[in-house]
Amino acid sequence: MRRILILGGTGEARRLAQRLAPRTDLAVTLSLAGRTGSPAAQAVPVRTGGFGGVQGLADYLARERTDALIDATHPYAARISGNAARAAELAQVPILAMRRPAWIAVAGDRWSEVADMEHAVHALGSAPRRVFVALGRNELFPLAGAPQHYYLVRSIDPIDPPLPVPFADYINARGPFDEADERALLIEQRIEIILAKNSGGSASYGKIAAARALGLAVILLRRPPVPNVPAVESLEQVLGWLDHALTVSAARGV
Ligand code: NAP
């Protein structure tokens, strides 16, 4: 049995685990940070919680005699991706990143890209606006510096404590979100501008398409840089890489 560790927290990681679960030659573990209260069910055993930095992850890989590491985390989960690259090197474990391509603006999109939340708040301007915020709870705090806006915040888990601003509502929901529902929400809430990440993929693209249809502006946080490790975009490419990596390590007698 070859041992595979998937760093997850994404739909891609869940689907990869689903594809690998029936294989009798592999023992697959999926790792979650433990951020969400009720994580989606997974087809393989799950371990939860941080490893304790680069060395902690390297020790885990060695201890579990991991044969291959697949980083299928979210494009904005920069710290774990960086840690994975360095830990794989330390533990001499082959690593592959599965990276969702970013969305590309098309005709009709009114996007502006900003470096971080401080710049996002600045881009909202001083006049009060109705803002749809599709971000995680860890990113929201800078919005407290612009209490003149109304915020409709959608996140998987409740925002607790709520933002210290006078005008905010909260929706707890997990994607995928389709365009028609997103458009209905934006219209009903009289949203003027959207604040989001360039997550890529289809699950959260509905709001982007809906914004285009309604002529709404979108502020996107810039993607963080990624470490320099082999990377692919599709599940099929991961499966191909995995078979190759495991054959090579078996031939070397590792
Ligand atoms: P992050 O800032 O890159 O990671 C912070 C710390 O959390 C890491 O140093 C690591 O702790 C731990 N960690 C993160 N992902 C982990 C995993 N899959 N398994 C075990 N420990 C993990 O990550 P984040 O942005 O907080 O995201 C956390 C998780 O949520 C990720 O798994 C990501 O795929 C998922 N997610 C993130 C976003 C987003 O926008 N950031 C969106 C959707 C899903 P140690 O250093 O102690 O190992």
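User: What makes the radius of gyration agree with a compact globule?

Analyst: Happy to start there. The radius is taken over C-alpha atoms, and the globule rule is 2.2 Å times the number of residues to the power 0.38. For 254 residues a compact globule would come out near 18 Å; the protein has 20 Å, so the two agree. Along its principal axes the C-alpha trace spans about 65 × 35 × 30 Å.

User: Where do these values come from?

Analyst: The model is predicted, so local features need pLDDT of at least 70 and side-chain atom pairs count only at pLDDT 80 or more, while totals for chains, interfaces and linings use all residues. Residues are numbered from 1 along each chain as its sequence is written, and side-chain values use heavy atoms, with hydrogens and water left out.

User: Why is the pair of F51 and Y60 called edge-to-face?

Analyst: Rings of Phe, Tyr and Trp (its six-membered ring) pair if their centres lie within 6.5 Å; planes under 30 degrees apart are stacked, over 60 edge-to-face, and the rest tilted. The structure holds two aromatic pairs. In the one formed by F51 and Y60, the centres are 5.1 Å apart and the planes stand at 65 degrees, hence edge-to-face. Both F51 and Y60 are buried, a label for under 20% relative accessible area, with exposed over 50% and partly exposed in between (1.4 Å probe, protein chains only).

User: How do you know that a charge sits over the ring of F177?

Analyst: The test asks for NZ of Lys or CZ of Arg within 6 Å of the ring centre and within 35 degrees of the ring normal. The charged end of R154 sits over F177 at 3.5 Å from the centre. Likewise, R47 lies over the face of F51, 3.9 Å from the ring centre.

User: What makes the largest nonpolar core a core?

Analyst: A nonpolar core is a set of buried Ala, Val, Leu, Ile, Met, Phe, Trp, Tyr and Cys residues joined through side-chain atoms within 4.5 Å. The largest one has 24 residues, and I4, I6, L16, L20 and L242 have the most contacts inside it. Its largest share, seven residues, comes from α7; helices (H or I, at least four residues) and strands (E, at least two) are DSSP runs, numbered from the N terminus. Leaving out residues up to four places away in sequence, L16 touches I6, I70, L235, V238 and L239, where contact means heavy atoms within 4.5 Å. A second, separate core of 22 residues includes V131, A146, V165 and I193.
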